[in-house]
Amino acid sequence: MEQTGFSAMERELAELIVKTLKLTIDPASIDPQAPLFGEGLGLDSIDALELSLAISQRYGYQVKSSDPDIKAIFSSLRALAHAVETYRTK
Amino acid sequence: MREVPLIGPYQRDDLLAWGQEGGRTAAQFLRDVYSLADQLPDRPTVFNLAANRYEFLVGFAAAMMRGQVTLLPHSRVPHLLREMIRDYPDSYAYVDHEATGAVSELMPVLRRQHSACDLCPSDPPLIPWDQEVAIAFTSGTMGKPVPNRKTWGALTSVAQATGARLGIKERERIIIVATVPHQHMFGLEASVMLPIVHGLAMHEGRPLFPADVGNVLMAVPERWLLVTTPIHLRACVVEGITVPKRGLILSATAPLARDVAREAERQFQSEVREIFGFAEAGSVAERRTVAGDWWRPLDGVRVEQEGTVCVVRAPYLPEPVPVPDRLSVAPNGEFMVHGRKADEVHIAGYRVSLGELTSKLLQVEGVQDGVFVMPDEQCGLVTRLMAFVVAPGKSSEEILRQLRTHIDPVFLPRPLVCVPKLPRNETGKLPREAIDEMMRQWREEKSCEQ
């Protein structure tokens with residue numbers, strides 16, 4: 001796997017994901033380009049919901065399934081970090 | 001032979017479903033069902049995996065017309081389907097556009113072709129009352145899913161009684177919006193059967209995030225009824241979504257906290273009603289959460305203490321069904337729920353035995369000892385199970401990866417903690433106090449933060 005390094009937002013979100021979802025992995029071990037759900041970290045729809053609340057509370061960005069690129073937003077840590085940076089209100 | 005029509009008191013042009021593509025009338029629905037029934041393969045059972053609620057209903061109805069039984073797997077994870085197909089080898093899968101490719105390796109797959117049906121009858125087909133139409137699955141003690149067979153009589157009776165209790169009138173202009181999957185027993189009863197029995201409309205989608213729920217409820221052209229769970233409702237309350245028009249909220253699958261119900265009633269300007277039920281019996285009783293702890297059985301349903309267990313009796317249940325919870329029943333038939341029986345836990349709307357999960361954990365290569373436990377405090381929206389494992393030389397990721405192929409993802413431990421040994425007593429048992437102490441010690445290192 002290509003070692004790409006984390007941006008500041010990716011690192012913040014990796015920590016938020018591990019803490020919010022009580023995962024037993026090192027945040028730094030999340031591949032920023034790997035899928036978060038399904039096969040990747042094995043997260044489910046309740047995790048998506050839980051994560052969306054944490055993101056909303058910290059960054060003021062309310063995730064919606066009707067967002068045109070919702071599948072892309074949750075497709076990887078990198079995509080999620082990009083979306084949060086784009087839409088954050090705090 | 002007693003028969004009940006496929007759909008209730010609709011006029012031809014009444015709205016039956018509403019979604020992104022607009023509305024679908026009762027007449028359109030019947031054309032779709034008759035036309036699909038002709039396309040179905042000649043097989044006894046079907047995995048209905050359709051994500052769109054209307055597509056699910058069309059598949060379910062057409063299968064019923066052909067005398068086929070719809071299987072309701074609560075997960076579409078390939079290895080679970082693979083396990084189930086062994087018991088139902090002549091099945092096919094009915095899917096819509098969102099289905100994944102892994103299914104097609106396991107069985108024939110059918111997608112509905114839109115075709116005209118000029119010669120189709122305009123009346124709904126009649127379905128025998130005692131025809132077995134669906135099987136919902138619960139996890140069994142030996143790890144094999146246990147089938148719960150549902151007759152058309154049971155599904156229609158529960159929907160009748162639920163609607164009556166909620167004060168729903170025939171052909172009332174209501175759109176039912178659901179955050180629960182229709183492959184779940186409560187989802188099937190409340191978001192599919194409830195509308196078609198009473199002549200209401202269903203929303204075709206399944207809003208997940210609070211903002212989605214808010215948007216759908218804003219957009220529905222009629223009064224709404226939100227079928228949901230404590231998890232989704234709590235998320236809506238935390239996000240503070242508001243809705244301009246009044247509706248009705250129906251929650252089930254786990255007990256709803258009264259303060260969440262109170263806050264939801266305030267935010268949505270709508271009553272929050274709760275259903276008590278379980279896969280074996282379906283919906284059993286109802287209450288308005290803010291009004292008190294007592295559950296009122298649905299009309300025609302009786303809950304009775306029989307020796308040490310409580311049972312549910314109803315005209316559509318062939319025999320009394322034991323309740324998986326501890327209850328106390330009042331002389332007027334109302335009851336209070338005191339929690340699950342020992343060893344059984346409830347995660348995200350599904351019930352499982354901790355002993356069964358532990359036995360699966362012990363089958364994982366390299367695991368010497370281990371135990372699944374239910375944490376006594378809740379962080380976040382849903383309580384997840386924990387597991388303590390003794391597996392020298394193995395990482396928790398490795399164990400989880402293997403475990404994932406044996407158990408349903410909702411039951412995967414969060415976290416799975418590797419420990420040098422478990423605090424077993426001299427008889428080899430793990431006393432609850434010792435487990436609590438182990439959890440306490442673990443938490444001191446990694447505190448449970450909100």
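Predicted model: local features only at pLDDT ≥ 70, side-chain atom pairs only at ≥ 80, totals over all residues.
At the interface, 27 residues of chain B are in contact with 29 residues of chain A. The area buried between the two chains is about 2,300 Å², with carbon and sulfur atoms giving 54% of that area. Of the area that chain B buries against chain A, 29% is supplied by B:Phe209, B:Glu239 and B:Arg414, more than by any other three residues. Two salt bridges are counted between chain B and chain A. In a salt bridge between the chains, the side chains of B:Arg384 and A:Asp47 meet at 3.2 Å, N to O. Four residue pairs are in polar contact between chain B and chain A, both residues of each pair being at pLDDT 80 or more. On the side of chain B that touches chain A, the elements giving two or more residues are α6 (210-219), α7 (230-239) and α10 (396-403) of chain B. Helix α7 of chain B gives the most, with five residues. The residues on this side of chain B comprise 15 nonpolar, four polar and eight charged.

Within chain B, helix α8 spans residues 258-268, and its buried residues are B:Val260, B:Ala261, B:Ala264, B:Glu265, B:Gln267 and B:Phe268. These buried residues pack against α6, β13 (223-228), α7, β14 (247-251), β15 (271-278) and β16 (282-288) of chain B. Helix α8 is followed by B:Gln269, which has a positive phi, near 50 degrees.

Over all chains, the count of salt bridges comes to 26. Inside helix α8 of chain B, B:Glu263 and B:Arg266 lie three residues apart, about one turn of the helix, and form a salt bridge in which the closest N and O atoms are 2.6 Å apart. B:Glu263 counts as partly exposed because its relative accessibility is 24%, whereas B:Arg266, at 52%, counts as exposed.

A salt bridge also joins the side chains of B:Glu265 and B:Arg288 (2.6 Å, N to O). This pair links distant parts of the chain, with B:Glu265 in helix α8 and B:Arg288 in strand β16, 23 residues apart. B:Glu265 has a relative accessible area of 13% and is therefore buried, while B:Arg288 is partly exposed at 32%. B:Arg288 forms a salt bridge with B:Glu271 as well, the closest N and O atoms being 3.5 Å apart. B:Glu271 lies in strand β15 of chain B, 17 residues from B:Arg288. A network of salt bridges links B:Arg165, B:Glu265, B:Glu271, B:Arg273, B:Glu286, B:Arg288 and B:Asp299.

Technical notes. Residues numbered from 1 in each chain as written. Chains lettered and ligands numbered in written order. Heavy atoms only, no water. Contact = heavy atoms within 4.5 Å. Buried area = accessible area lost by both parts, 1.4 Å probe. Salt bridge = Lys/Arg side-chain N within 4 Å of Asp/Glu carboxyl O. Polar contact = N/O pair within 3.5 Å; in protein donor to acceptor, adjacent residues only side chain to side chain. Helix = DSSP H or I, 4+ residues; strand = E, 2+ residues; numbered from the N terminus. Nonpolar A, V, L, I, M, F, W, Y, C, P; charged D, E, K, R; others polar. Buried < 20%, exposed > 50% of the residue type's maximum accessible area, 1.4 Å probe, protein only.
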